[in-house]
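Me: I have a structure open and have not looked at it before. Please take me through how to read its features, one at a time.

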Amino acid sequence: MSRTRKRRMMNQINVVPYIDVTLVLLVIFMVTAPMTNPGMVELPKVGQALKQSGDPIVVTVQKEGTVTMDGREMERDDMLALIRQKLSESEKPVVVSADKNTPYGEVVSVMDLLKQAQVNQVGLLFQNEK
C-alpha cells in the first residue's frame, strides 16, 4: 500500500528570488552610474539680433556682484532710482548684461529687483555669434 501524503498549499509568497533580482539590479546601477557623463546644456545661439527702437538702459552685473550703470558703479537702490527717473522721461527697455563668469544668482537678483520696481521690459544682453 502506498501512502501518499497530501501536500498542503502554501499561503506565503517566496520573496527571496525578488530580493536577489533587486540586489543584482542595484549592483548594476551602482557600477554603471559613475561611468555616465552628466549632460552638458547647450544654450541656443541667436543668429540675428532683434531690432531695438532706441538705445536700452544697460545694467551690468560684475562677477563680484557689483552693479554698474552708465560706466559707474552704484548701489542697487541708487540704480533703481536712476532707472525710474529715466523711465519717467521715456519708456525704454532695460537690459541686464553680465560676464559669463558672473554667478547666475546675481543676475537673477538684479532682474528680480527690476521686476519688483515694475520695470515692464527687462531683457538679457548677449553677443551675437559670428
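Reply: Buried means under 20% relative accessible area, exposed over 50%, and partly exposed in between, with a 1.4 Å probe and protein chains only. This is a predicted model, where local features need pLDDT of at least 70, side-chain atom pairs count only at pLDDT 80 or more, and totals for chains, interfaces and linings use all residues. Residues are numbered from 1 along each chain as its sequence is written, and side-chain values use heavy atoms, with hydrogens and water left out.

Me: How is pLDDT read, and what is the average for the chain?
Reply: pLDDT is the predictor's confidence in each residue, from 0 to 100. The chain averages 80, and 80% of the residues score at least 70. Among the elements, α1 has the highest mean pLDDT (94) and strand β5, residues 122–124, the lowest (83). Where pLDDT is low, the predicted coordinates should not be read in detail.

Me: How many helices and strands does the chain have?
Reply: Helices (H or I, at least four residues) and strands (E, at least two) are DSSP runs, numbered from the N terminus. Here there are three helices and five strands. Along the sequence they follow the pattern α-β-β-β-α-β-α-β.

Me: Where is M69, and which residues is M69 in contact with?
Reply: Contact means heavy atoms within 4.5 Å. M69 is in strand β2. Leaving aside neighbours within four places in sequence, M69 is in contact with I57, V58, V59, M74, M79, L82, I83 and K86. The C-alpha atoms of M69 and V58 are separated by 6.4 Å, and the two residues are 11 apart along the chain.

Me: What share of contacts joins residues 24 or more positions apart?
Reply: Taking the contacts with a separation of 6 or more, 63% are between residues 24 or more positions apart. K63, in the loop between β1 and β2, touches N101, T102 and P103, not counting residues up to four places away in sequence. K63 and N101 are 38 residues apart along the chain, with their C-alpha atoms separated by 6.1 Å.

Me: Which residues touch the most other members of the largest nonpolar core?
Reply: A nonpolar core is a set of buried Ala, Val, Leu, Ile, Met, Phe, Trp, Tyr and Cys residues joined through side-chain atoms within 4.5 Å. The largest one has 19 residues, and V59, M69, M79, I83, V110, L114 and V119 touch the most other members. At least two residues each come from β1 (57–61), β2 (67–69), α2 (76–89), β4 (94–98) and α3 (104–116). The largest share, five residues, is from α2.

Me: Which side chains meet in a salt bridge?
Reply: A salt bridge is a side-chain nitrogen of Lys or Arg within 4 Å of a carboxyl oxygen of Asp or Glu. By this rule the count is one. R76 and E106 form this pair, at 2.9 Å from N to O. R76 is in helix α2 and E106 in helix α3, 30 residues apart. E106 is partly exposed, with a relative accessible area of 26%.

Me: Which residues make the nonpolar surface patch?
Reply: Patches are made of residues with over 30% relative accessible area and no salt bridge; like charges are joined within 9 Å, and nonpolar side chains (Val, Leu, Ile, Met, Phe, Trp, Tyr) within 5 Å. I13, V15, Y18, I19, L23, L26 and M30 make a nonpolar patch of about 750 Å². I19 lies in helix α1, residues 16–32, and counts as partly exposed at 46% relative accessibility.

Me: Where is Q118, and what is its phi?
Reply: Q118 is in the loop between α3 and β5. Its phi is positive, about 60°, although Q118 is not a glycine. Q118 is exposed, with a relative accessible area of 66%.

How values were computed: Accessible areas come from the Shrake-Rupley method with a 1.4 Å probe; for residues, only the protein chains shown count as cover.
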